[in-house]
Amino acid sequence: MLNLHKAEFIRSAVKPSDFPSDGLPQIVFAGKSNVGKSSTINKILNRRNFARVGGQPGKTIHINFFSIDQQVYFVDLPGYGYAKVSKAERDRWGRLLETYFASDKITLGFQIVDIRHKPTADDKVMADWFLSTGKPFVVIANKWDKIKKSELEPNVACIRQTLLLPEEVPVIPFSAEKGSGREDVLALIEAHAAAFAAEHTTPSV
C-alpha cells in the first residue's frame, strides 16, 4: 500500500533533462485548464492544497513531478485549451509535452474530462497521445456531483464514443468535491504500483 501522506513536490520540468530517470513508475494526469485537475489530484491524496489550485486556469506551465511514498511519481501536466496563453507559450508547452510522451517514461495515464460536456477537440488529441504510448490509460469523468443520475450512463457513453476509447480503457465517474470515485481511482494506482514493483524486484539468490 502506498503511504499517501508521504507525498512531496520534487521539481518542475522545463526541459527533457529535468524528467526523473530513476526508473520509478510515472503516473500522469492531464486535463483542460478548468476541468479540476489539481482538485482531483488533491482529492486522490486527501490533501487540501497539495497540487496547487490556481486562481486562474492555465497556471501549471511546467510538467510538475511529485513523489508518492518514494514508490511512484504523480506527474501533473500543463492544463490545455486555455485561450489567454500566447501562441509562443502554447508551442513551447506542446514541444515539451511531445518530448515527454516520446520519452517512454509514462507508465499509467489519467485524463480528466468534464462529465457534463462532450469532450473537445483538445481532449481528443490528448487521448490520442495517451493511447499512442501503448501504456495503461484511464479517463476520469470529473464533476459527477453536478449531473442527474439519469445523465450518467449517456454522458459516459458520449465520452467513450467521442474519444474513440478501446474497450479496455475505463471511464471512471468522479467528484473532486465529494470524493465519489476516489476508491476506484486509488485501487488502479495501488494495483499499478504493486505490479510495477513486483516486475522490477530482483529475486534474491
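## Pocket, helix packing and a loop lysine

The lining of the second largest pocket consists of eight nonpolar, three polar and two charged residues. Here Ala, Val, Leu, Ile, Met, Phe, Trp, Tyr, Cys and Pro count as nonpolar, Asp, Glu, Lys and Arg as charged, and the others, Gly among them, as polar. The structure is a predicted model, in which local features need pLDDT of at least 70, side-chain atom pairs count only at pLDDT 80 or more, and totals for chains, interfaces and linings use all residues. Residues are numbered from 1 along each chain as its sequence is written, and side-chain values use heavy atoms, with hydrogens and water left out.

The second largest pocket has a volume of about 280 Å³. Of its 13 lining residues, Tyr80, Gly81, Gly94, Leu97 and Asp122 lie nearest the centre. Helix 2 and helix 3 are the elements that give two or more residues to this lining. A pocket is an open set of points on a 1 Å grid over the protein atoms alone, where a 1.4 Å probe fits, with protein on both sides within 12 Å along at least five of seven lines; lining residues have an atom within 4 Å of a point.

| Pair | Angle | Axis distance |
|---|---|---|
| Helix 2 (residues 87–102) and helix 3 (residues 121–133) | about 25 degrees | 10 Å |
| Helix 1 (residues 37–45) and helix 5 (residues 182–199) | about 80 degrees | 10 Å |

Helix 1 is therefore roughly perpendicular to helix 5 (65 to 115 degrees; angles under 35 degrees count as roughly parallel). Lys43, Ile44 and Leu45 of helix 1 meet Arg182, Val185, Leu186 and Ile189 of helix 5, where contact means heavy atoms within 4.5 Å. These residues divide into five nonpolar, no polar and two charged.

Helix 2 and helix 3, by their angle, are roughly parallel to each other. Gly94, Leu97, Glu98 and Phe101 of helix 2 touch Met126, Trp129, Phe130 and Thr133 of helix 3.

Lysine 32 sits in the loop between strand 2 (26–31) and helix 1. Beyond its neighbours within four places in sequence, lysine 32 contacts Gly79, Tyr80, Ile112, Thr120 and Asp123. The C-alpha atoms of lysine 32 and isoleucine 112 are 7.6 Å apart, although 80 residues separate them along the chain.

The chain averages a pLDDT (the predictor's confidence in each residue, from 0 to 100) of 90, and 91% of the residues score at least 70.

Methods
Axes are lines fitted to C-alpha atoms, for helices over the stretch in contact, and angles run from 0 to 180 degrees between N-to-C directions. Helices (H or I, at least four residues) and strands (E, at least two) are DSSP runs, numbered from the N terminus. Angles under 35 degrees count as roughly parallel, over 145 as roughly antiparallel, 65 to 115 as roughly perpendicular and the rest as oblique. Grid points are joined across faces, edges and corners, and a volume is the space filled by probe spheres set on the points.
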